[in-house]
Amino acid sequence: MLDSVKILGIETSCDETAVAVVEDGYRLLSNPVASSMDVHARYGGVVPEIAARSHIEVMLPVVQQALDDANCSWKDIDGIAVTYGAGLGGSLLIGVLTARTLALSRERPLYAVNHVEGHIYANFLTSTALPGYTMRTAQPKFPMLAIIVSGGHSQLVLFRDHFDYTLLGYTQDDAIGEAFDKVAKILGLPYPGGPSVEKLAKTGDPTAFQFPKAKMSKYDFSFSGVKTAVLRAAQAQIGQDYTFPSTKLAERLSEAQKANIAASFQQIAFETIIDKVKLAYEEFSPASVVIAGGVAASPALRSMLIKAIPCPIEFPDLKLCTDNGAMIATLGCFKAMLGQPTADPFSLDIEPNLSM
Ligand code: KG4
Ligand code: ZN
């Protein structure tokens, strides 16, 4: 096991170009993120070609900023970690090719990181000198129950140790963040949908609509049924049937109707997650429960989780929930410290559909 390790992590699976330096798997030294979100927002979702092009434009400046913010030069960096999947092909390629080139030119080991595993490792960060971060006070303990709720994934995973885990269940259709984004579209709210739905939900009645909770096998999820139920409810509210176009609903719904739909949808979507977390907690008695992914930024989900789980739960800073380089560098540190295999810088390929 190495004494001390500094890893540079690169994340480009979607629209964020994110690079970070993490030391010893717990200390965050830098975490710049450049996002092309404002451009995508105009189109109501991420446009893959625009995302890939903007990664090319900002990749090297963001790498340099990560080094500068960490007060590091290349001689201080022990290895490079990069997201190689899952994600958008064009976006992943830019990050992976950058990491391969840096690994070869700087003669550093390369670690290939699964994006979803990376999200979970944001929970291992406990220290930083960077301003504006609220850090966890301690690293999670094993066995660890991990709840992954993002734009592309909804999963429950039981970790017995680092790199030793079982996928308990996952969504059979839409991810929870995707459902938030689609409901936001129906309600005419800006992308990304999670924060916009959450904001509007605060003024609505979560019991106004009884949306269905999908009946799935023990630890699996489904969010496409509730999304369709939202569409039908919105159509019914304005006295129309299922043929009425979803794109024209927002202008016909009142603010109160929208708020009630947002609140009722959010309630059911989060209950769906919490129900399964409770079941898994009872069955496996984990020492820690961690939550990860963009939707983990939601204060409403956090407070529901605190109420549902009998053990204390710590949350990563909001900036460490949405896509970032720190989570990739953190997992990279553990790979380096625990002697996990390195990737070949001549041949590491992207895996857009990588699962856990
Ligand atoms: O993890 P992430 O940044 O990207 C993926 O790997 O997918 O997650 C993005 C997702 C989006 O669907 C966004 O709507 C959702 O996270 N999200 C939220 C909140 N902030 C971001 N969902 C609910 N409440 C939030 N506050
Ligand atoms: Zn993500």
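In helix α7 (residues 224–237), the buried residues are V226, K227, A229, V230, L231, A233, A234 and Q235. Buried stands for under 20% relative accessible area, exposed for over 50%, and partly exposed for the range in between, with a 1.4 Å probe and protein chains only. Helices (H or I, at least four residues) and strands (E, at least two) are DSSP runs, numbered from the N terminus. The cover over the buried residues of α7 includes α5 (176–186) and α8, where contact means heavy atoms within 4.5 Å. The 14 residues of α7 should span 20 Å at 1.5 Å a residue, and this agrees with its end C-alpha atoms, which are 20 Å apart. The expected span is 1.5 Å times one less than the number of residues in the helix. After α7 comes G239, with a positive phi near 70°.

The model is predicted: local features need pLDDT of at least 70 and side-chain atom pairs count only at pLDDT 80 or more, while totals for chains, interfaces and linings use all residues. Residues are numbered from 1 along each chain as its sequence is written, chains are lettered from A and ligands numbered from 1 in the order in which they are written, and side-chain values use heavy atoms, with hydrogens and water left out.

**Zinc site**

The zinc ion (ligand 2) has H115 (NE2), H119 (NE2) and D323 (OD) as protein donors, at 2.0 to 2.1 Å. Donors are N, O and S atoms within 2.8 Å of the metal (3.2 Å for Na, K and Ca); water is not among the atoms, so sites may look incomplete. The spacing of the donor residues in sequence is H-x3-H-x203-D. H115 and H119 are separated by about one helical turn, because they are 4 residues apart in helix α4 (residues 115–121). An α-helix has 3.6 residues a turn, so residues three or four places apart point the same way. Both H115 and H119 are buried.

**Strands**

In strand β5 (residues 79–85), 7 of the 7 residues are buried. Strand β1 (residues 6–11) runs parallel to β5 and is joined to it by 4 bridges; two strands pair if DSSP finds at least two bridges between them. I7 has G79 in β5 as its bridge partner. β5 also pairs with strand β6 (residues 110–114), in the parallel sense and over 5 bridges. In that pairing, A112 in β6 stands opposite V82. From β5 the chain passes through helix α3 (residues 89–105) to β6 in a right-handed β-α-β crossover. Right-handed means that, with the strands pointing away from the viewer, the path from the first strand over the helix to the second runs clockwise.

In β11 (288–292), 5 of the 5 residues are buried. S288, V290 and A292 point one way from β11, V289 and I291 the other way. In a regular strand the side chains alternate between the two faces of the sheet. β11 pairs with β8 in the parallel sense over 5 bridges, and S288 in β11 is the bridge partner of M144.

Both β8 (144–149) and β11 are among the elements that cover the buried residues of helix α9 (residues 299–308), as are α6 (193–201) and α8 (255–284). Those buried residues of α9 are A300, L301, R302, M304, L305 and A308.

**Aromatic pairs**

Rings of Phe, Tyr and Trp (its six-membered ring) pair if their centres lie within 6.5 Å; planes under 30 degrees apart count as stacked, over 60 as edge-to-face and the rest as tilted. The count of aromatic pairs comes to 11. Two of them are tabulated.

| Pair | Centre to centre | Angle of planes | Class |
|---|---|---|---|
| F180 and F265 | 4.9 Å | 70° | edge-to-face |
| Y219 and F284 | 6.2 Å | 40° | tilted |

F180 in helix α5 and F265 in helix α8 are 85 residues apart, so the pair links distant parts of the chain. F180 counts as buried because its relative accessibility is 2%, and F265 is buried at 0%. Y219, in the loop between α6 and α7, lies 65 residues apart from F284 in helix α8. Y219 is buried, with a relative accessible area of 7%, whereas F284, at 26%, counts as partly exposed. One aromatic cluster is formed by Y121, F124, F142, F159, Y165 and F334.

**P192**

P192 lies in the loop between α5 and α6 and, at 28% relative accessibility, counts as partly exposed. Leaving out residues up to four places away in sequence, P192 touches M37 and D181. P143 is 49 residues from P192 along the chain, and their C-alpha atoms are separated by 33 Å.
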